[in-house]
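Colleague: I would like to walk through this model with you. Could you take my questions one at a time?

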Amino acid sequence: MALKGIRVIEFAGLAPVPFCGMILKDFGAEVIRIDKVKGALNVDRLARGKRSIVVDLKRQRGIEIVRKLCANADVLIEPYRKGVMERLGLSPESLLASNPGLIYARLTGFGQSGPYSERAGHDINYIAIAGK
């Protein structure tokens, strides 16, 4: 497998990140998904073959767990809006300080800069902006 030996940390979110993680897993990467603490069981059909851990990112212990996972990872993929990872203390700068080889991928709808960077980015938003 092309990505055998590559460890990916995937933050659970909407379709782009879990789909990306699924493709990386299909090519042999080890994918560990960080799931949110929630009451109801949510079956993610894009989670096949991934390992999963529920982490409370609102608690310091949860952040420490994520930091340890990222210290030994090759890739991180996250779906959050601009500033969320920074508020959690998981910015690229902080994680790259302990793992300079980490590839930190942000799969946000409108990127980290520009007039729409703080907005949610989903298909319906793109269609509305495009006027189609």
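Colleague: What is the mean pLDDT of the protein?

Modeller: This is a predicted model, so confidence comes before detail. Of the residues, 95% reach 70 or more. The mean pLDDT of the protein is 89.

Colleague: Which helix has the highest confidence, and which the lowest?

Modeller: Helix α2 covers residues 60-71, and confidence is highest there, at a mean of 98. At the other end, the mean is 80 for residues 123-130. Where pLDDT is low, the coordinates should not be read in detail.

Colleague: How many disulfides does a search of the whole structure find?

Modeller: Start with C20, which is in no disulfide. The nearest cysteine sulfur is that of C70, and it is 15 Å away. A disulfide needs the sulfur atoms within 2.5 Å, so that pair is too far apart for a bond. The search finds zero.

Colleague: Is C70 buried or exposed?

Modeller: Buried means under 20% relative accessible area. C20 has 24%, so C20 counts as partly exposed. C70 has 1%, so C70 counts as buried.

Colleague: Where does K50 lie?

Modeller: Strand β2 covers 30-35, and strand β3 covers 51-54. K50 is buried, at 12% relative accessibility. Its place is the loop between β2 and β3.

Colleague: Which residue forms a salt bridge with K50?

Modeller: Leave aside the neighbours within four places in sequence. K50 is then in contact with E10, P18, G21, M22 and V31. The side chain of K50 has a polar atom 2.9 Å from the backbone oxygen of P18. The salt bridge, with its closest N and O atoms 2.7 Å apart, is with E10.

Colleague: How many residues apart are K50 and E10?

Modeller: K50 sits in the loop between β2 and β3, while E10 belongs to strand β1, residues 7-11. Both ends are buried: K50 has a relative accessible area of 12%, and E10 has 0%. The pair links distant parts of the chain, 40 residues apart.

Colleague: How many salt bridges does the search find in the whole structure?

Modeller: One of them is the pair of K50 and E10. Another joins R48 and D26, at 2.6 Å from N to O. The search finds nine.

Colleague: Which parts does the pair of R48 and D26 tie together?

Modeller: Their side chains meet in a salt bridge. The two residues are 22 residues apart in sequence. R48 is partly exposed, at 47%, and D26 is partly exposed too, at 35%. The parts tied together are the loop between β2 and β3 and helix α1.

Colleague: And which residue meets R106 in a salt bridge?

Modeller: R106 lies in strand β5, and its partner is in helix α3, 20 residues apart in sequence. R106 is partly exposed, at 25%. The N to O distance is 2.7 Å. The partner is E86.

Colleague: Which residues do salt bridges that share partners join into one network?

Modeller: Here the salt bridges share partners, so the residues form one network. Its members are R7, E30 and R51.

Colleague: How many bridges join β1 to β2?

Modeller: Five of the six residues of β2 are buried, so β2 is largely enclosed by the rest of the structure. β1 and β2 run parallel. Within β2, R33 is the bridge partner of E10. The number of bridges joining β1 to β2 is five.

Colleague: Which residue makes a polar contact with the side chain of S52?

Modeller: S52 is in strand β3, and it is partly exposed, at 45%. Beyond four places in sequence, S52 touches R33 and D35. The side-chain polar contact, at 2.2 Å, is with D35.

Colleague: Last one: is N99 buried or exposed?

Modeller: N99 lies in the loop between α4 and β5. Leaving aside neighbours within four places in sequence, N99 is in contact with C70, A71, N72 and A73. With a relative accessible area of 10%, N99 is buried.

Key
Residues numbered from 1 in each chain as written. Heavy atoms only, no water. Buried < 20%, exposed > 50% of the residue type's maximum accessible area, 1.4 Å probe, protein only. pLDDT = per-residue confidence, 0-100. Helix = DSSP H or I, 4+ residues; strand = E, 2+ residues; numbered from the N terminus. Polar contact = N/O pair within 3.5 Å; in protein donor to acceptor, adjacent residues only side chain to side chain. Contact = heavy atoms within 4.5 Å. Salt bridge = Lys/Arg side-chain N within 4 Å of Asp/Glu carboxyl O. Pairing = 2+ DSSP bridges.
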